[in-house]
Amino acid sequence: MQRQIFTEDHDAFRETVRTFLAKEVTPHYEQWEKDGIVSRDAWRAAGRQGLLGPAVPEEYGGGGQSDFRYSAVLAEEFTRAGAAGLAVGLHNDIIGPYLTTLGTDEQKRRWLPGFCSGEIITAIAMTEPGAGSDLQGIRTSAEDAGDHWILNGSKTFISNGILADLVIVVAKTTPEGGAHGLSLLVVERGMAGFERGRNLDKIGQKSQDTAELFFHDVRVPKENLLGELNGAFIHLMTHLAQERMSIAMSGIAAAEHLLEITSQYVKEREAFGRPLAKLQHVRFEIAEMATECAVTRAFLDRCIADHSAGELDAVHASMAKWWATELQKRVADRCLQLHGGYGYMTEYRVAKAFTDGRIQTIYGGTTEIMKEIIGRSLLG
């Protein structure tokens, strides 16, 4: 089906993204996977190409484009390239809105130009060793010390944790406030007491630096409070819909790409004297996945259009995240099976997609949390 949501401007942007990936990412990606981290040069190259901060106002060096369809193009092309390590979606779609909507004029002037140039790489630190989706379980705390906060605690599973120059930390500022006693504090590279743990060894997305972060009496200036004091819960809930849409967009793009490469593989691979594509079971498998992808794509494109118009609610974003990522997981498993033994070899794209994509149903809110959000909206 012909997609209806993009214009010629989006198509031109897609070509720009593809050229960037071919020149600045794909030739180096295997080495980044071995190193467990991408080069900072790639971030600066993305900034020069205008791929960072597309929604940031032009006065701060951004693209000045509130059209979320540009983010959709980035998510789709980075996914097709298998380039999860360069976490542009995290930077643009998840962290960017916190800075642009919650930042003071002074904070925007201080952080956004570097955000858009690639000189400032960002992360957000919510998850703790004992607290994931349950914000009330957060133990990292910040004590008011006059003109600054004293921050103590630890975070884990933080994407961009090693490279990050600016980390938005969710911390307890009013101990008795529960989830409504949390605030967002911006911790910057070089602050005394801010330490990074090991670059965590994951089963996939090897080049995406994911780390533990530790805060020992870190003096965070009062001017680094992002948004309202004790307002983190509302701020987080407000921006989670876009985070989940970003994950969903990469989910459906991954499923479609896996279907594409597997369809080609079964046409070429022979068994019992004829191509696998001649076997009815294989044709049925491809038919089922193609139909599921087509139906999911129609829903996702509607969600993208609605979000670009400011009309997407948290429930439909949760539906998109749940459905697209679970589809991605199923398709990856079925496509690997159709590749047979070769699918288990890391040199084949399907093997990497299988391990890289497994996190999709977990981060940004697990599938179970998505179902809870949807169920509560329907049943109270």
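1. Helices (H or I, at least four residues) and strands (E, at least two) are DSSP runs, numbered from the N terminus. UniProt, in an unreviewed entry, annotates residues 236–379 as "domain: Acyl-CoA dehydrogenase/oxidase C-terminal". UniProt positions are given in the numbering used here, feature names are shortened, and annotations may be inferred rather than shown by experiment.

2. A word on the basis of these notes. This is a predicted model, where local features need pLDDT of at least 70 and side-chain atom pairs count only at pLDDT 80 or more, while totals for chains, interfaces and linings use all residues. Residues are numbered from 1 along each chain as its sequence is written, and side-chain values use heavy atoms, leaving out hydrogens and water.

3. The unreviewed UniProt entry also lists "domain: Acyl-CoA dehydrogenase/oxidase N-terminal" at residues 7–119. That span is 68% helix and 0% strand, with its end C-alpha atoms 31 Å apart. For residues 123–218, the record gives "domain: Acyl-CoA oxidase/dehydrogenase middle" (unreviewed entry); here the span is 0% helix and 50% strand, and the end C-alpha atoms lie 17 Å apart.

4. The axes of α8 (residues 314–338) and α10 (residues 367–379) come within 9 Å and cross at roughly 145°. Axes are lines fitted to C-alpha atoms, for helices over the stretch in contact, and angles run from 0 to 180 degrees between N-to-C directions. In contact (heavy atoms within 4.5 Å), the α8 residues include Met319 and Trp322, and those of α10 include Met370 and Ile374. The residues of this contact divide into six nonpolar, three polar and three charged.

5. A second pair is α1 and α3 (residues 69–80), which pack at an angle of about 35° with their axes 10 Å apart. Among the residues that meet are Phe13, Arg14 and Val17 in α1 and Tyr70, Val73 and Glu77 in α3. By class, the contact has eight nonpolar, one polar and six charged residues.

6. Finally, do look at the second largest pocket, with about 570 Å³ of space. Its lining has 23 residues, and Glu33, Thr346, Glu347, Tyr348 and Lys352 lie nearest its centre. Helices α1 (8–35) and α9 (349–356) each supply at least two lining residues, and the largest share, six residues, comes from α9. The lining comprises eight nonpolar, seven polar and eight charged residues.

Technical notes: Ala, Val, Leu, Ile, Met, Phe, Trp, Tyr, Cys and Pro count as nonpolar, Asp, Glu, Lys and Arg as charged, and the others, Gly among them, as polar. On a 1 Å grid over the protein atoms alone, a cavity is a set of points where a 1.4 Å probe fits but cannot get out, and a pocket is an open set with protein on both sides within 12 Å along at least five of seven lines; lining residues have an atom within 4 Å of a point. Grid points are joined across faces, edges and corners, and a volume is the space filled by probe spheres set on the points.
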